[in-house]
Amino acid sequence: MKERAVEIRRITQKRPDIFLLTVRSAALANQARPGQFLHVKTDECTTILRRPLSIHRREKQDLSLLVKVRGRGTRALLRRAPGERLNVIGPLGNGFTLSPFPDGGTTMLIAGGIGVAPLVFLAQRLTGTAKRPSTGRKIALIGARTRGEVLCAPEFRRRGFTVKKATEDGSAGRKGSVIELARDLLAARGDARPLRIFACGPEQMFFRLRAAINELCPEPERVRCQVSFEQFMGCGVGVCCACAIPTRQGYKKVCKDGPVFSLHELKERGTE
Ligand SMILES: Cc1cc2nc3c(=O)[nH]c(=O)nc-3n(C[C@H](O)[C@H](O)[C@H](O)COP(=O)(O)OP(=O)(O)OC[C@H]3O[C@@H](n4cnc5c(N)ncnc54)[C@H](O)[C@@H]3O)c2cc1C
């Protein structure tokens, strides 16, 4: 996969620690699938390793990344300016699988914090540009620490999703984690109508989600659940193995085999 220098179109600060970075590249935009990521050289001198960032949105030839400032790399990215060239490799990774889904089923998106980033592009694809948009109930669960940190609710609503929120301090929606919110909804369903879930967030969230599905869904093995990892990563192209995770089929690399995995195939660390 070759590197490209793409033009930075806009950098929009959403909150003190969150910004939207938009680049223009028709080639990247045409190839990109929801759940894939760009491996970004944040600048020429601050960091050696690239930083993986999910494709958050596509508008014609533009791709946007939603970035949470964490450390040196993301801070350096925020200092970049429109008109500059950004060195990226991608789109990388497998992305979400959008196989046919029965009419009348429920599509549930679950976002923990900045895990919302790839799910907006997914919602865009599920509703807007899909050859045959899915029918049935569409619901987006967004988790954050506080009301002010809830991200992207309008983007999901605009695409026909019912939005439900969970905040740790109870300042918006259900008090608690987004998985507790998911548990409430799974418990209230109580039937075996088709359900597919797409989730992104911290790794521990996935195992709590699996426990909830096993406990509350009448036929847990029929729930289609794909989860996207935000794993620490080195090379991004399957060489260094820094991002390996245990699965039922042995170790897999988040960068090349993922970042999207079926929830059923994951193994908790320490149980391999
Ligand atoms: C496939 C994939 C997609 C991602 N998509 C996005 C995205 O769309 N938006 C976004 O903001 N972030 C995303 N991330 C996470 C992002 O890559 C890291 O936040 C980023 O690399 C941090 O770089 P930094 O130099 O700012 O921080 P560093 O200086 O490297 O780290 C600062 C602190 O941040 C935490 N941290 C760093 N990297 C990670 C990580 N990968 N996972 C969890 N915690 C980490 C650690 O606690 C660390 O101490 C994604 C990660 C992966 C693997």
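The buried residues of helix H6 are covered by, among others, strand E8 (106–112), helix H5 (178–189), strand E12 (195–200) and strand E13 (224–228). The structure is a predicted model. Helix H6 itself comprises 14 residues (203–216), and its first and last C-alpha atoms are 21 Å apart, close to the 20 Å expected at 1.5 Å a residue. Met205, Phe206, Leu209 and Ile213 are the residues of H6 listed as buried. Viewed down the axis of H6, these buried residues fall within an arc of 100°, so they line one face of the helix. Ala211, Asn214 and Glu215, on the other side of H6, are exposed.

Helix H5 has twelve residues and spans 17 Å from first to last C-alpha, close to the 16 Å expected at 1.5 Å a residue. Its buried residues are Val178, Ile179, Leu181, Ala182, Arg183 and Leu186. The cover over these buried residues includes E8, strand E9 (137–144), strand E10 (162–167), strand E11 (174–175) and H6. Glycine 190 follows H5 and has a positive phi, near 60°. Aspartate 191 is placed in the loop between H5 and E12. With 8 other C-beta atoms within 10 Å, aspartate 191 is exposed, since the limit for an exposed residue is 12 or fewer. Its C-alpha atom is separated by 41 Å from that of aspartate 62, which is 129 residues away along the chain.

The domain assignment of the protein gives domain 1 (3–92) and domain 2 (106–265). Their C-alpha centres lie 22 Å apart, and the contact takes 17 residues from domain 1 and 17 residues from domain 2. On the side of domain 1 that touches domain 2, strand E3 (37–41), E4, strand E5 (57–59), E6 and strand E7 (85–92) each supply at least two residues. The residues of this side divide into nine nonpolar, four polar and four charged.

The shell around the ligand draws residues from both domain 1 and domain 2, so the ligand lies between them. Of the 23 residues around the ligand, the nearest are Ser54, Gly71, Gly73, Thr74 and Ala117. Strand E4 (51–54), strand E6 (62–68) and helix H2 (72–78) each contribute at least two residues to the shell. By residue class, the shell consists of twelve nonpolar, six polar and five charged residues.

Two cis peptide bonds can be described. One runs from glycine 90 to proline 91, with omega near -5°, and proline 91 lies in strand E7. Another joins glycine 258 and proline 259, with omega about 10°; proline 259 is in the loop between strand E15 (250–253) and strand E16 (260–262).

Positive phi values also occur in residues other than glycine. Lysine 60 has phi near 50° and lies in the loop between E5 and E6. Lysine 60 is exposed, with 8 other C-beta atoms within 10 Å. For cysteine 152, phi is near 70°, and the residue is found in the loop between E9 and helix H4 (153–158). Cysteine 152 is buried, with 20 other C-beta atoms within 10 Å; burial requires 20 or more.

Note on methods
Residues are numbered from 1 along each chain as its sequence is written. This is a predicted model: local features need pLDDT of at least 70, side-chain atom pairs count only at pLDDT 80 or more; totals for chains, interfaces and linings use all residues. Helices (H or I, at least four residues) and strands (E, at least two) are DSSP runs, numbered from the N terminus. The expected span of a helix is 1.5 Å times one less than its number of residues. The arc is that of the directions from the helix axis to the C-beta atoms. Two residues are in contact if their C-beta atoms, placed from the backbone, lie within 7 Å. A residue is near a molecule or strand if its C-beta atom, placed from the backbone, lies within 6 Å of it. Ala, Val, Leu, Ile, Met, Phe, Trp, Tyr, Cys and Pro count as nonpolar, Asp, Glu, Lys and Arg as charged, and the others, Gly among them, as polar. Domain bounds come from an automatic or database domain assignment.
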